[in-house]
Amino acid sequence: MDEEDWAHVLAVFRACLPRRGRKAEDDRLFLEALHFFTVENVRWRALPERFGHWNSVWKRFDRLSKAGVFEAFFDTLASMSASAHLIQMFDSTIVRAHVSAAGAKGGERGKRSGARAAVSRRKSTRKPMPRERSSAST
């Protein structure tokens, strides 16, 4: 993003922030930290020091998330775009296969009791080997 894009994004972000509370020193650095976190797919503790202490970034993210700031921020940005309605994002990290898709057999299969197995007919039988084809060594 160029400086003009950043100025636009920061203006929208600041407009979505809650009115009360202490104002942050560097909103751009905070948004860059969130971008790094999501793009690099790292843990909060792995954020580089240039973004500040990881716990401070996480606490601010958590507080703003619970306040609904990011929903308002992204909704506002989308409403300002002429082509946002044409783009849909499907994040594959949320797609999970159901446990039955792994090939596991479902349902309970009880073993037949010994008495029941003794009285039931065999499902298959072996064919006896013809006498004329038996080997001479036996």
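Hi everyone, let's start with helix H2, residues 27-40: at 1.5 Å a residue, its 14 residues should span 20 Å, and the end C-alpha atoms are 20 Å apart, which agrees. Please keep in mind that this is a predicted model.

Now the two ends. At the start of H2, the backbone nitrogen of Arg28 has a side-chain oxygen of Asp26 within 3.3 Å. Just after the helix, Asn41 adopts a positive phi of about 55°.

Which residues of H2 are buried? They are Asp27, Phe30, Leu31, Ala33, Leu34, Phe36 and Phe37. These buried residues pack against helix H1 (3-16), helix H3 (54-66) and helix H4 (69-80).

With a relative accessible area of 5%, Asp27 is buried. Asp27 forms a salt bridge with Arg60, with 2.5 Å between the closest N and O atoms. Since Asp27 sits in H2 and Arg60 in H3, the pair ties together parts that are 33 residues apart in sequence. Arg60 is buried too, like Asp27.

Asp27 also meets the side chain of Arg14 in a salt bridge, at 2.8 Å from N to O. Here Arg14 belongs to H1 and Asp27 to H2, so this pair links parts 13 residues apart in sequence. Arg14 counts as partly exposed, at 44% relative accessibility.

Salt bridges with shared partners join Glu3, Arg28 and Glu32 into one network.

And how many salt bridges are there by this count? Five. Thanks, folks!

Notes. Residues numbered from 1 in each chain as written. Predicted model: local features only at pLDDT ≥ 70, side-chain atom pairs only at ≥ 80, totals over all residues. Heavy atoms only, no water. Helix = DSSP H or I, 4+ residues; strand = E, 2+ residues; numbered from the N terminus. Expected span 1.5 Å × (residues − 1). Buried < 20%, exposed > 50% of the residue type's maximum accessible area, 1.4 Å probe, protein only. Contact = heavy atoms within 4.5 Å. Polar contact = N/O pair within 3.5 Å; in protein donor to acceptor, adjacent residues only side chain to side chain. Salt bridge = Lys/Arg side-chain N within 4 Å of Asp/Glu carboxyl O.
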